[in-house]
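Thanks for coming. Please have the sequence and the model open while I talk.

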Amino acid sequence: MSSHLFTPLKVGPLTLKNRLTMAPLYLGYADLGGTVSPALLAHYRLMAASGVALVVVENATVDFESGSGSPRTLRADSDAHLEGLKRLAETIKEAGALACLQINHAGRFAHAAEPLAPSAVETFGRIPRALTIDEMKRIAECFAAAAGRVAKAGFDMVELHGGTGYLLAEFLSPHTNRREDAYGGSLENRQRFPLEVLAAVKETVGRFPVGCRLLVDEWLDDGLKPEESTRFARDLEAAGIAYISAMGGTYESFGRPEIVARSRQAGYMLALSAAVKECVQVPVIAAGRLATGSVCENALAEKKADLIGLARVLWADPDWPRKVADGREDEIVHCNPDCGDACMQMVMKGRPALCVSWPTEKMKAWKAKFAGGETP
Ligand SMILES: Cc1cc2nc3c(=O)[nH]c(=O)nc-3n(C[C@H](O)[C@H](O)[C@H](O)COP(=O)(O)O)c2cc1C
């Protein structure tokens, strides 16, 4: 039915068979301690077999001690996790998709005794400690080593997590970066650390493609805005990024009533990907309730994005790509904006997430996968 969605696209050295990607979605399916579990493999097998060209796996930490988002966050921070990551990459590729792993340091939102950040700016009652330059160097090395493991594990690409208000985004943001040294103040200074991380990663992985999730708009009055993030996007491109995946908001803005209302709308982040696309030549991924074939087709036709990122949309219905391709859109099981962000609530409580829109049989089957564990 489609003129754009099911056409191929080159991303760096890779050819994506269509414009559909899975956007990173942390669901708490790894075991406690961040090891690859049978449930996680089953989940990604399903996502990769859906017909999307590329699966970008949820964030994996580059440093368990200081930078993990939760006890179930995947780990790319030590060779002990290489075997699990190999199985994950293999599973995705065997099911027919290219595999990318997102790597992250959670900064002030880390599940850590003493969260680290560019500056000591309070968040949800906790004050992180400002990083020293030596610590920043070590974290850049952790990113580089983690990216090396991603390549070694057999993934096709690696993605730096520069979204959701985690460490790389915290450096860019004037709201969270109040440093008075060479890493704070002007945009040039605030983007220095993320660009150093990218340089360290590229030095380690060579020609292996590196993408970036980018916080385009922090949706806070004193936060990062598209005027600056798009300038950073240009510099990412100049530094050899393979693609940019646009997103908006952080944990500090997601709960604002106007953002809650906005994020219920179809295509609510398309303005952000469109702003990035105007500034760069590399492929741009959009996400955010791209729930129907026509919303996606229009986004591509209107050049608001080159690739579609489906997160909850695909998780709610892994048959979404086939149903859209076959013109069976009335059969799609949709992520329900009225569910009160149930999946997010479950993972924030440290539990594996289940989608409240799933049919009863599927819900039962997935609950059984976590039997003995903490089902919601
Ligand atoms: C429960 C949950 C977990 C998420 N985990 C990640 C993540 O690990 N990395 C990331 O870049 N974005 C993450 N996101 C954001 C998604 O990639 C996506 O941008 C957002 O959910 C909008 O797309 P959708 O409407 O298709 O879900 C997460 C979102 C949710 C709701």
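Residues are numbered from 1 along each chain as its sequence is written. This is a predicted model, in which local features need pLDDT of at least 70 and side-chain atom pairs count only at pLDDT 80 or more, while totals for chains, interfaces and linings use all residues.

With that, I start with one residue. Lys303 sits in the loop between helix H11 (293-301) and strand S13 (307-310). Its phi is positive, about 60°, although Lys303 is not a glycine. Is Lys303 buried or exposed? The test counts other C-beta atoms within 10 Å of a residue's own, placed from the backbone: 20 or more is buried, 12 or fewer is exposed, and anything in between is partly exposed. Lys303 has 12 C-beta neighbours inside 10 Å, so it counts as exposed.

Trp219 also has a positive phi without being a glycine, near 60°. Trp219 belongs to the loop between strand S10 (210-217) and helix H8 (226-238). Trp219 counts as buried because it has 21 C-beta neighbours inside 10 Å.

Now the overall picture. The protein has 15 helices and 13 strands. Its radius of gyration is 19 Å, close to the 21 Å from the globule rule for 376 residues, so the protein is as compact as a globular protein of that length. The radius is taken over C-alpha atoms, and the rule is 2.2 Å times the number of residues to the power 0.38. Along the principal axes, the C-alpha atoms fill a box of roughly 55 × 50 × 45 Å. Of the 376 residues, 53% are buried. For contacts, the criterion is C-beta atoms, placed from the backbone, within 7 Å. Among contacts with a separation of 6 or more, 70% are between residues 24 or more positions apart.

Next, some parallel strands. Strands pair if DSSP finds at least two bridges between them. Strand S6 (residues 98-104) and S9 pair in the parallel sense over four bridges, and Ile103 stands opposite Leu160 in S9. S9 (residues 157-162) has six of its six residues buried, so S9 is largely enclosed by the rest of the structure. Met157, Glu159 and His161 point one way from S9, and Val158, Leu160 and Gly162 the other way. S9 then runs parallel to S10, joined by five bridges; Leu214 in S10 is the bridge partner of Gly162.

S10 in turn is joined to S11 by five bridges, again parallel. Here Asp217 stands opposite Gly248 in S11. The chain gets from S10 to S11 through H8, in a right-handed β-α-β crossover. Right-handed means that, with the strands pointing away from the viewer, the path from the first strand over the helix to the second runs clockwise. Five of the five residues of S11 are buried, with Ile244, Ala246 and Gly248 on one side and Ser245 and Met247 on the other. S11 also pairs with S12, in the parallel sense over two bridges, and Ile244 stands opposite Val284 there.

What does helix H10 pack against? H10 (residues 270-277) has six of its eight residues buried, Lys277 being one of them. The buried residues of H10 pack against S10, H8, S11, strand S12 (284-286) and H11.

Arg256 lies between strand S11 (244-248) and helix H9 (257-262), and is partly exposed with 14 other C-beta atoms within 10 Å. Its C-alpha atom is 9.2 Å from that of Leu220, 36 residues apart along the chain. Ser263, in the loop between H9 and H10, is partly exposed with 19 C-beta neighbours inside 10 Å.

Last, the ligand. 22 residues surround the ligand, and the closest are Ala23, Pro24, Tyr26, Ala311 and Arg312. Which element gives the most to this shell? H14 does, with three residues. Strand S4 (54-61), helix H12 (312-316) and helix H14 (342-348) each supply at least two. The shell divides into 12 nonpolar, six polar and four charged residues, where Ala, Val, Leu, Ile, Met, Phe, Trp, Tyr, Cys and Pro count as nonpolar, Asp, Glu, Lys and Arg as charged, and the others, Gly among them, as polar.

Notes
A residue is near a molecule or strand if its C-beta atom, placed from the backbone, lies within 6 Å of it. Two residues are in contact if their C-beta atoms, placed from the backbone, lie within 7 Å.
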